[in-house]
Amino acid sequence: MAAEGLFASLVLLILPKNCYDEFFVKFNFFHVPCLKLAISKALGYGIVVGSSIIKIPQIIKVVNAGSVVGLSLMSFFTELVATTATSAYSLVKGFPFSTWGESFFLCIQTSLLIILYFHFNRKPMIAALFCGLYAVSVYVLLSDKVSLDIHTKLVSLNVPLMAISKLLQIVANFRNGHTGQLSFIMVFLLFVGAIARIFTTVQETGDTIMLATYCMTTALNGILVAQVLFYWNVKVDTHQKRD
């Protein structure tokens, strides 16, 4: 009985009571609304778990090479602004963590990549200044000084911001004739994750702003995947001038 109670408690952390009853009381495993929700939750938490390490391959590649050749600093900055706005907006709206948690982890990892960018360009003071300014910005966003209306306006900028972020890297790749230290594993996982996010957003929040963002990032991440494959055999001088 204790085991059954524990199992029920764990399931109810993810699924509502009516879906628990459909699956584990009535054994109706093909109840369509609950089945869609269960798939959405599984995908959502899978994306969140995966996103906690999604940029680690990129970070490792940069550290091992001791170079940020081919990477766009402005791409990192615009992505950080967009993911930070998404995290703050989702917290204020009370969305389930499974629908936006990857934005939180992407903020951390993108911040680290920005710090590494400045480090390998021998600009430690700018790295320290960035850390301080970003910490203050996050504090203000999560305080009661910022209204829901402002959060909504900020997150509405996500579509152009994420488009700019991806396009900056895409253009840099075309201009350089290679993808430099860009990690194929990272861009491929971002591509797959964006596809899955379209489904979870439709199922759990229906938020049109976030849906538009994920549709757009799916397309642009697909281009980045294609670029890495196209330039796969191009040799890169890691000591050339950084973008």
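Q: At what angle do H5 and helix H6 pack, and how far apart are their axes?
A: In this predicted model, H5 and helix H6 (residues 101-120) pack at an angle of about 155°, and their axes are 9 Å apart.

Q: What makes H5 roughly antiparallel to H6?
A: Start with the angle, about 155°. Anything over 145 counts as roughly antiparallel, so H5 is roughly antiparallel to H6. As for handedness, H5 passes H6 in a left-handed crossing.

Q: How many helices and strands does the protein chain have?
A: The count is eleven helices and zero strands. Read from the N terminus, the order of elements is α-α-α-α-α-α-α-α-α-α-α. As for extent, the C-alpha trace spans about 65 × 45 × 35 Å along its principal axes.

Q: How do you know that the largest pocket lies between domain 1 and domain 2?
A: Look at who lines the pocket: domain 1 (17-146) and domain 2 (147-232) both give residues to the lining, so the largest pocket lies between them. That lining has 28 residues, and Glu-102, Leu-106, Leu-190, Gly-193 and Ala-194 lie nearest the pocket's centre. H3, H5, H6, H9, H10 and helix H11 (208-230) each give two or more residues to the lining. H10 has the largest share, with seven residues. The space in the largest pocket is about 440 Å³.

Q: Where does the second largest pocket lie, and how do you know?
A: Domain 1 (17-146) and domain 2 (147-232) both give residues to the lining of the second largest pocket, so this pocket lies between them. Its volume is about 260 Å³. Of its 13 lining residues, Leu-80, Val-81, Thr-84, Tyr-134 and Ser-137 are the closest to its centre. H5 and helix H7 (124-141) supply at least two lining residues each.

Q: How many residues of each class line the second largest pocket?
A: Eleven are nonpolar, two are polar and none is charged. Tyr goes with the nonpolar class, and Tyr-134 is one of the residues closest to the centre of the second largest pocket.

Q: What is the count of cavities of 30 Å³ or more, and what is the volume of the largest cavity?
A: The count is one cavity of 30 Å³ or more. The largest cavity holds about 110 Å³ of space, a value over that cut-off. A cavity, in this sense, is a space where a 1.4 Å probe fits but cannot get out.

Q: Which residues and elements line the largest cavity?
A: There are 14 lining residues, with Ser-75, Glu-79, Lys-166, Leu-182 and Met-186 nearest the centre of the largest cavity. Helix H5 (73-93), helix H9 (158-176) and helix H10 (184-204) each give two or more residues to the lining. Domain 1 (17-146) and domain 2 (147-232) each provide at least three. By class, the lining has seven nonpolar, four polar and three charged residues.

Notes: Residues numbered from 1 in each chain as written. Predicted model: local features only at pLDDT ≥ 70, side-chain atom pairs only at ≥ 80, totals over all residues. Heavy atoms only, no water. 1 Å grid on protein atoms, 1.4 Å probe; cavity = no way out; pocket = protein on both sides within 12 Å on 5 of 7 lines; lining within 4 Å. Points joined across faces, edges and corners; volume = space filled by probe spheres on them. Helix = DSSP H or I, 4+ residues; strand = E, 2+ residues; numbered from the N terminus. Domains from an automatic or database assignment. Axes fitted to C-alpha atoms, helices over the stretch in contact; angles between N-to-C directions. Parallel < 35°, antiparallel > 145°, perpendicular 65-115°, else oblique. Left-handed = near helix turned anticlockwise from the far one by under 90°.
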